[in-house]
Amino acid sequence: LQDQFDIVERHTQWGLDLMEKYVKFVKERTEIEQSYAKQLRNLVKKHLPKRTAREDPESKFCQYQAFLQVVKELNDFAGQREVVAENLLTRICLELAKYSQELKQERKLHLQEGRRAQQQLENSFKQLENSKRKFERDCREAEKAVLTAEKLDQDINATKADVEKAKQQANLRSHMAEDSKNEYASCLQKFNHNQSQFYFLEMPQIFNKLQEMDERRTQRLKEGYSIFSETEQQVMPIIGKCLEGMKAAADVVDEKNDSQVLIELHKSGFERPGDMDFEDFSQPINRTSSDSSLGTPRGTLDGRLDPRLLGKNKGKRWPFSRKNKLPPPPLSPLNCPPSLSSPSSSAINGPPSPKFTRDPLSYCLNEINKTVKPRIMSFRNLKRGTVITEDFSHLPPEQRRKKLQQKIEERNRELQKEIDQRDALNKMKDVYQKTPQMGDPSSLEPKISETLGNIERLRLEIQKCEAWLADAENRMLSNRPDTVTRYSRHLDHASSLNNNNCSHEKDSPETTHSDESQDALNQPIYTEFDEDFEEDLASPIGTCVALYQFEGSSEGTISMMEGEELSLMEEDKGDGWTRVRRSKGGEGYVPTSYLRVNVN
């Protein structure tokens with residue numbers, strides 16, 4: 001194509017336009033991928049839970065866990081779409097756009113060289129044409145001058161001077177024609193040389209450069225086409241893993257397990273209600289009551305309750321235990337109103353039977369309301385919502401036990417963290433004492449004191465929660481059917497106490513059991529300390545010196561002054577406390593880290 005310079009120029013320009021068109025195509029594809037990934041991210045963010053897994057009870061169901069896994073896998077899938085968009089943008093759009101600019105500059109240089117060669121050839125051709133026309137003109141004038149001289153030479157009338165002048169003019173024209181001929185020959189030779197250089201050397205080199213440039217552009221565009229598919233293939237394994245993760249999440253779903261989880265989450269621990277007794281309204285109701293009718297309603301003759309009636313009444317209370325489990329009404333009115341009789345007569349003859357103005361059931365309900373008067377607020381709570389208490393007593397027994405166990409585990413983790421921090425601070429303090437240039441040991445005292453206070457507070461909370469947990473487990477055991485007889489015996493004992501002293505108010509069996517549990521809660525927290533104090537005084541096993549002052553504000557602890565010498569009664573058993581005895585009297589527990597111990 002040595003003579004098709006314009007064709008080559010247009011073809012190279014078309015190739016650059018194609019590359020720019022492909023770059024634009026990939027850029028639009030990148031924008032689509034980015035938009036798709038962004039929409040997927042928003043979708044994932046919309047459906048991910050706002051609460052943590054520990055706070056969300058739905059996270060315990062495997063079907064919900066599978067849904068979250070699918071959402072997370074989709075989030076990873078969106079990440080791969082972002083990777084595709086990023087690779088296409090960097091490896092194709094940016095690189096090809098930069099390479100296209102370089103090719104444009106290179107093409108411009110090659111075209112300038114071609115045009116310069118063409119211009120030189122055209123200039124040489126114009127010189128050749130000018131010299132040719134001059135040679136032709138000089139030849140005609142020289143021939144004309146020769147003819148004129150010959151004519152004058154044959155003319156007899158012409159003077160000798162005219163003939164000589166004509167001959168001189170002819171010779172001059174002949175010399176000019178000869179010069180023009182030589183110039184023409186030189187221009188012709190130069191043009192032929194330039195033309196040969198143009199077609200056989202300069203233009204082939206330029207065309208080769210343009211061809212090489214265009215082939216490099218084509219090769220780079222080919223690589224761009226390959227990268228377009230390779231970028232997608234590179235993420236296919238990860239996308240396949242995401243899809244496999246979704247399939248695995250679907251396979252994990254177990255409907256039986258979810259049903260069991262639902263049971264465990266919402267199991268209240270209450271027993272099923274008993275059968276309702278048939279109430280025969282066809283028999284006339286005796287509205288008069290004997291002296292023992294109030295004390296033994298529909299029970300046995302000796303004042304004891306029939307266990308069947310206990311189960312029946314318990315079953316009637318069961319529907320009200322959904323939100324707030326209210327204290328069950330007493331099965332027999334054990335309260336003795338002081339206004340009905342004097343204390344002496346009540347102690348001797350027992351409580352007199354009230355005179356019924358209504359049916360016995362209404363009277364019993366009134367007596368129940370009087371008995372549970374301190375807890376009337378719980379009826380209002382049924383309308384206003386559940387009041388959350390620290391010991392989770394607002395929950396059913398089973399749920400309360402789980403909550404307390406969870407709280408104890410959390411406090412144990414916090415306690416372990418504080419203990420580790422205390423040990424680290426003590427080690428740091430020892431290092432500071434050995435090498436004072438590293439730091440001041442006294443600067444760690446506030447942090448150590450704060451850590452010890454946190455440890456003591458957490459231990460108190462753990463012991464309190466353990467006491468609540470024991471109470472909750474006792475309540476669950478007491479609610480089982482095999483404890484009905486035990487409750488009956490408890491009622492018998494309560495009835496006998498009531499007959500001896502009517503001034504003491506008694507509640508229903510469950511209320512009485514709650515009072516006993518409350519008494520257990522009011523006992524000292526440091527029960528192990530009390531057991532130790534009940535033992536006989538033992539001889540000291542060593543001595544110790546108080547490194548710091550300690551205020552024994554908690555029960556079971558003892559105060560000490562800095563530098564005070566104490567008797568070592570019991571070493572630290574791993575809980576961070578040591579039992580000591582003061583010289584002035586008094587024995588208790590102090591933090592082990594506050595002592596320098598010398599064991600005999």
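## The chain as a whole

The accessible surface of the chain comes to about 38500 Å², and 53% of that belongs to carbon and sulfur atoms. Accessible areas here come from the Shrake-Rupley method with a 1.4 Å probe, and for residues only the protein chains shown count as cover. Keep in mind that this is a predicted model: local features need pLDDT of at least 70, side-chain atom pairs count only at pLDDT 80 or more, and totals for chains, interfaces and linings use all residues. Residues are numbered from 1 along each chain as its sequence is written, and side-chain values use heavy atoms, with hydrogens and water left out.

Of the 600 residues in the chain, 34% are buried. Buried means under 20% relative accessible area, exposed means over 50%, and partly exposed is in between (1.4 Å probe, protein chains only).

## Coiled-coil annotation and two helices

UniProt lists residues 100-169 and 401-428 as "coiled-coil region", in an unreviewed entry. Its positions are in the numbering used here, feature names are shortened, and annotations may be inferred rather than shown by experiment. In the model, residues 401-428 are 100% helix and 0% strand, with the end C-alpha atoms 40 Å apart.

Arginine 422 sits in helix H9, which covers residues 397-434. This arginine 422 side is buried, at 13% relative accessible area. Skipping residues up to four places away in sequence, arginine 422 touches Thr451, Leu452, Ile455 and Gly576.

Serine 174 belongs to helix H3, residues 160-252. With a relative accessibility of 33%, serine 174 counts as partly exposed. Leave out its neighbours within four places in sequence, and serine 174 is in contact with Ala142 and Val146. Glutamate 141 is 33 residues away from serine 174 along the chain, and their C-alpha atoms are separated by 8.3 Å.

## The sheet

The 5 strands make an open, antiparallel sheet in the order E4-E3-E2-E1-E5. E4 (587-591) and E5 stand at the edges with a single partner strand each, so one side of each has no neighbour in the sheet. From one strand to the next, the twist averages 40°; strand axes are lines fitted to C-alpha atoms (for helices, over the stretch in contact), and angles run from 0 to 180 degrees between N-to-C directions. As background, strands of a sheet pair through backbone hydrogen bonds, either parallel or antiparallel. Two strands count as paired here if DSSP finds at least two bridges between them.

Strand E1 (residues 542-546) is mostly covered, with 4 of its 5 residues buried. E1 pairs with E2 (residues 565-570) in the antiparallel sense over 4 bridges. Valine 545 has glutamate 565 in E2 as its bridge partner, while glycine 542 has leucine 568 in E2. E1 also pairs antiparallel with E5 (residues 595-599), over 5 bridges, and there cysteine 544 stands opposite valine 597.

## Two hairpins

E2 and E3 run antiparallel and are joined by 3 bridges, with leucine 568 partnered by valine 580 in E3. Their hairpin has 6 residues between the strands, and glycine 574 takes a positive phi near 105°. Strand E3 (residues 577-581) is largely enclosed by the rest of the structure, because 4 of its 5 residues are buried.

E3 and E4 pair antiparallel over 5 bridges, and arginine 579 stands opposite tyrosine 589 in E4. This hairpin has 5 residues between the strands, and glycine 585 in the turn has a positive phi of about 105°.

## Cysteines

How many disulfides does the structure hold? It holds 0, using a cut-off of 2.5 Å for a pair of cysteine sulfur atoms. For the record, a disulfide is a covalent bond between the sulfur atoms of two cysteines. Cysteine 62 is buried at a relative accessible area of 5%, and cysteine 93 is buried with a relative accessible area of 5%.

Definitions and conventions:
Contact = heavy atoms within 4.5 Å.
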